[in-house]
Amino acid sequence: MLTCRSCGKLIDRTGIAGAAPALCDECRPRRVAPQPPFPVGTRFGRYTLVEYTPSLPGLARARFRCDCGRIKELQVSNVAQRGAHDCGDRVRHPRLGGRG
Ligand SMILES: [Zn+2]
Ligand SMILES: [Zn+2]
C-alpha cells in the first residue's frame with residue numbers, strides 16, 4: 001500500500017496506470033484558480049474590500065466600503081496602486097492639511 005509522502009494518507013491507486021504516485025490527490029500539485037491578491041477585508045486607506053464581483057480575469061473588481069458607509073465598485077488594482085483610498089466626498093472626508 002502506498003502512502004502520501006506529504007501527509008501520510010493512504011493513496012488509492014485504483015485504476016491509476018503508470019508510475020506510482022508519491023503524493024495523494026490532495027497533495028499533488030494541480031491547477032488552482034488564481035487567488036485574488038487581496039483577501040476580503042483588506043483595507044486601502046478608508047476603503048475596506050467587501051466582496052469580489054464577477055469580472056474578467058486580470059481585471060478583478062470588488063466592492064469597497066468607505067469608512068463613511070458608501071459602497072463603491074472599483075477595479076482592485078486601481079485602488080491598490082493609485083491610492084484612491086476614500087470615496088472622494090470632501091464633505092465627509094475633508095482634507096486635513098495634507099497634500100492635494
Ligand atoms: Zn497527501
Ligand atoms: Zn467616504
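The legends below describe several views of one predicted protein model. Residues are numbered from 1 along each chain as its sequence is written, while chains are lettered from A and ligands numbered from 1 in the order in which they are written. Because the model is predicted, local features need pLDDT of at least 70 and side-chain atom pairs count only at pLDDT 80 or more, whereas totals for chains, interfaces and linings use all residues.

**View 1. The open sheet of four strands.** The strands stand in the order β1-β2-β3-β4 with antiparallel pairing, and two strands pair if DSSP finds at least two bridges between them. Strands β1 (43-44) and β4 (71-75) lie at the edges, each with a single partner strand, so one side of each has no neighbour in the sheet.

**View 2. The pairing of β3 with β4.** Strand β3, which covers residues 61-65, runs antiparallel to β4 and is joined to β4 by five bridges. Arg61 stands opposite Gln75 in β4, and Ala62 has Leu74 of β4 as its bridge partner.

**View 3. The hairpin formed by β3 and β4.** Five residues lie between the two strands, and in the turn Gly69 has a positive phi of about 110°.
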